[in-house]
Amino acid sequence: PMGAIPAPSGRGEGLVVVGSRTYYSTIGTIHELQSSTGAPISSFPAPEGECRSLTYGRGYLFSGDSKDGKITVFNRFTHAVRGVINAPGAGNRQAEGLAFDSRRRILYVANQSENMIYALRVSGI
């Protein structure tokens with residue numbers, strides 16, 4: 001390994017690095033860490049429920065909640081919710097993985113229930 005930082009206790013689910021910050025979710029809580037040291041900066045409840053997956057793009061964090069099939073888009077500084085996207089497909093694990101292509105404004109959503117990766121065009125962001 002090139003290195004390691006300590007992670008908050010709890011079952012780790014989502015992870016995304018944004019510049020000098022790392023966002024790490026433990027299902028109900030999102031932790032903001034200093035990327036170089038792992039020092040905690042803040043922790044806050046996952047907006048709109050659980051956070052099983054995280055991604056970042058165009059100034060927003062995207063938090064996937066497979067329990068209800070919702071992806072919450074929110075401001076990483078204020079935590080204000082910008083919008084909620086219904087995860088595509090069926091099953092109870094619809095938002096298990098997320099990735100965002102900022103240039104093309106495409107959100108990729110892994111649906112493990114169907115073993116599919118969906119591509120969604122996200123406008124307004």
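Which residue in the turn of the hairpin formed by E7 and E8 has a positive phi? His-79 has this feature, with a phi of about 70°, and the legends below place this turn within the predicted model.

**Notes on the model.** The structure is a predicted model in which local features need pLDDT of at least 70 and side-chain atom pairs count only at pLDDT 80 or more, while totals for chains, interfaces and linings use all residues. Residues are numbered from 1 along each chain as its sequence is written, and side-chain values use heavy atoms, with hydrogens and water left out.

**Figure 1. Overview of the protein chain and its 11 strands.** The protein chain has zero helices; along the sequence its pattern is β-β-β-β-β-β-β-β-β-β-β. Helices (H or I, at least four residues) and strands (E, at least two) are DSSP runs, numbered from the N terminus. The radius of gyration is 14 Å, close to the 14 Å that the globule rule gives for 125 residues, so the protein chain is as compact as a globular protein of that length. This radius is taken over C-alpha atoms, and the globule rule is 2.2 Å times the number of residues to the power 0.38. The C-alpha trace spans about 40 × 30 × 30 Å along its principal axes. Of the 125 residues, 40% are buried; buried means under 20% relative accessible area, exposed over 50%, and partly exposed in between (1.4 Å probe, protein chains only). Among contacts with a separation of 6 or more, 33% come from residues 24 or more positions apart, where contact means heavy atoms within 4.5 Å.

**Figure 2. The hairpin of strands E3 and E4.** Strand E3 (residues 29-34) and strand E4 (residues 40-45) run antiparallel and are joined by five bridges. Two strands pair if DSSP finds at least two bridges between them. Ile-30 stands opposite Phe-44 in E4. Five residues lie between the strands of this hairpin, where Gly-38 takes a positive phi near 80°.

**Figure 3. Strand E7 with its partners E6 and E8.** E6 and strand E7 (residues 70-75) pair in the antiparallel sense over six bridges, and five bridges join E7 to strand E8 (residues 81-86), again antiparallel. Thr-72 can be followed across both pairings: Ser-63 stands opposite Thr-72, and Thr-72 stands opposite Val-84 in E8. The hairpin of E7 and E8 has five residues between its strands, with His-79 in the turn. In a regular strand the side chains alternate between the two faces of the sheet.

**Figure 4. Gly-69 in the loop between E6 and E7.** The hairpin of E6 and E7 has four residues between the strands, and Gly-69 takes a positive phi near 70° there. Gly-69 is buried, because its relative accessible area is 5%. Leaving aside neighbours within four places in sequence, Gly-69 is in contact with Ile-85, Asn-86, Ala-87 and Gln-94. The C-alpha atoms of Gly-69 and Asn-111 are separated by 9.5 Å, although these residues are 42 residues apart along the chain.

**Figure 5. Two arginines with positive phi, Arg-58 and Arg-105.** Most residues other than glycine have a negative phi. Arg-58, in the loop between strand E5 (53-57) and strand E6 (60-65), has a phi near 50°. Its relative accessibility is 38%, so Arg-58 counts as partly exposed. Arg-105 has a phi of about 55° and is found in the loop between strand E9 (97-101) and strand E10 (106-111). With a relative accessible area of 31%, Arg-105 is also partly exposed.

**Figure 6. Ser-102 in the loop between E9 and E10.** Not counting residues up to four places away in sequence, Ser-102 touches Gly-57 and Arg-58. Ser-102 counts as partly exposed because its relative accessibility is 28%. The C-alpha atoms of Ser-102 and Val-122, 20 residues apart along the chain, are separated by 9.5 Å.

**Figure 7. Leu-120 in strand E11 (residues 116-121).** The contacts of Leu-120, leaving aside neighbours within four places in sequence, are Ile-85, Pro-88, Arg-105, Ile-106, Leu-107 and Val-109. At 22% relative accessibility, Leu-120 counts as partly exposed. Leu-120 and Ala-99 are 21 residues apart in sequence and 11 Å apart in space, C-alpha to C-alpha.
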